[in-house]
Amino acid sequence: MRRWSARATFVLVGCAVLVPVLFAGLLATAGLVMVGIGGAVVTVAALYWFLSRRGLLRAAAAVVAVAAPIVVFILFVRAQLLWVVLLSCGLAALALVCARITLREDDRDTRMPEYPASRPSRPFLIMNPHSGGGKVARFDLRRRAEELGAEVLMLEGPEPIDVVAAARDAVARGADLLGVAGGDGTQALVAGVAAESGVPFLVISAGTRNHFAMDLGLDRDDPGASLDALTDGVELRVDLGVINGRPFVNNASFGVYAELVRSPAYRDDKTATTLQTLPDLLAGQTGSRLVAHIGDTVVDGPQAVLVSNNPYGSGDLAGLSRRARIDRGVLGAVALSVASTRQAIDLLRVGRFRQLVQQTTREVVVDADTRTIPVGVDGESLLLTTPVRCTIRPGALRVQVPRTRPGTPAPTPAVDWIRLRERARGPRYSAESPSGTG
């Protein structure tokens, strides 16, 4: 199956290239390519100006960004070549589908190993009744947990509660499992205590987004299903990120996004605050100048840096998608440097090596020209002392999850033409090749 899908990929790519040549001619094909590239360049440049300028320049950039694709479309229609472009794009899309079918990893490589888990006798759970719009009350989580023998601490106030101290006290009193029904920030703090104490950790998906729960394959629509782990659970051993001594389960963001969420006005009106603040941030007139050390790579002056506990999908630069596994013992790191229109256009290049760095590593250090910098850690805005050091603790956290749960879908693989060629040749060639995957 994979051998034939690999061959189909190359056939479809060839057809996508030949169709405009055969039906439009070589000269017209060159014109199509130039018009398409020109439209893309103008659109990207206009979008950058829209984000980095104010007033009339921003309004003009918005008009150009909308008009450029329309002009390209009209030119194709007037030349009576629109159907050629659509057919070629359709063949290219089919080629991409075949390539991803070919390269999709086996389930055994994308699923984290499961280990037997014993039923805890003294679980201790922390629940935030305000998180996720009141999911704790809506799903009756406290009563259901107490019926299963859990001690429950509600974060009801009026005074702030130190969840780290509460979790450590619970372990000292004999708790053999710690859990949180709340946001990822609270999850991370208590997860750090569970890791240092060697007790299992329970994630109850009662937060607003709960990316950590999603990557564990839990049911985010029914937080109560997470409690099944107390009676019929299995154990996953996952990595824990650490930033300046503080644990994180998802990611830490530096630069533009961290500066934005720091603003008090951001929570009230995200769009207006972003548009008002971005021009100064992109121009470097506000915020700190960063230097990111990603393994052996040094990125001077990036506008944004994202460090994640294990990498997200290959095309995800903002940490919005899933992580197929969070037990590979590496950090994912993305650094984006776009301080001019030319650099924004350079992102259209296939390599993008100068403006975009995307790597995995065991350590990331972010320094700045100020003593402290804002950092978004698991969705919370913090001020941290520079240099900020991010590391990974492989397999530090024992997470107890329900045996039956939705799970995580297989990741979408990046297109690798060398592997595709080996798969197309067949098993004999793949086995002989040092870089083959068989």
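Helix H8 passes helix H9 in a right-handed crossing, a term used when the near helix is turned clockwise from the far one by less than a right angle. H8 covers residues 163-172 and H9 covers residues 184-197; they pack at an angle of about 30°, with their axes 9 Å apart. Here axes are lines fitted to C-alpha atoms over the stretch in contact, and angles run from 0 to 180 degrees between N-to-C directions. Among the residues making the contact (heavy atoms within 4.5 Å) are Val 163 and Ala 167 of H8, together with Leu 189 and Val 193 of H9. By class, this contact has 7 nonpolar, 2 polar and 2 charged residues.

Keep in mind that this is a predicted model, in which local features need pLDDT of at least 70, side-chain atom pairs count only at pLDDT 80 or more, and totals for chains, interfaces and linings use all residues. Residues are numbered from 1 along each chain as its sequence is written, and side-chain values use heavy atoms, with hydrogens and water left out.

Now to the strands. Helices (H or I, at least four residues) and strands (E, at least two) are DSSP runs, numbered from the N terminus. Two strands pair if DSSP finds at least two bridges between them.

| Strand pair | Sense | Bridges |
|---|---|---|
| S9 and S14 | antiparallel | 5 bridges |
| S9 and S10 | antiparallel | 4 bridges |
| S15 and S16 | antiparallel | 6 bridges |

Ala 292 has Val 366 as its bridge partner in S14 and Val 299 as its bridge partner in S10. S9 and S10 form a hairpin with 2 residues between them, and Gly 295 in the turn has a positive phi of about 60°.

There is also an open sheet of 6 strands, in the order S13-S12-S11-S8-S15-S16, with antiparallel pairing. Its edge strands, S13 (356-361) and S16 (380-385), each pair on one side only. Neighbouring strands of this sheet are turned by 20° against each other on average, direction ignored. In S16, Leu 382 is the bridge partner of Val 375.

Finally, a word on confidence. The mean pLDDT (the predictor's confidence in each residue, from 0 to 100) of the protein is 84, and 84% of its residues reach 70 or more. Over residues 429-438, pLDDT stays under 50. Where pLDDT is low, the predicted coordinates should not be read in detail.

Definitions and conventions:
Nonpolar A, V, L, I, M, F, W, Y, C, P; charged D, E, K, R; others polar.
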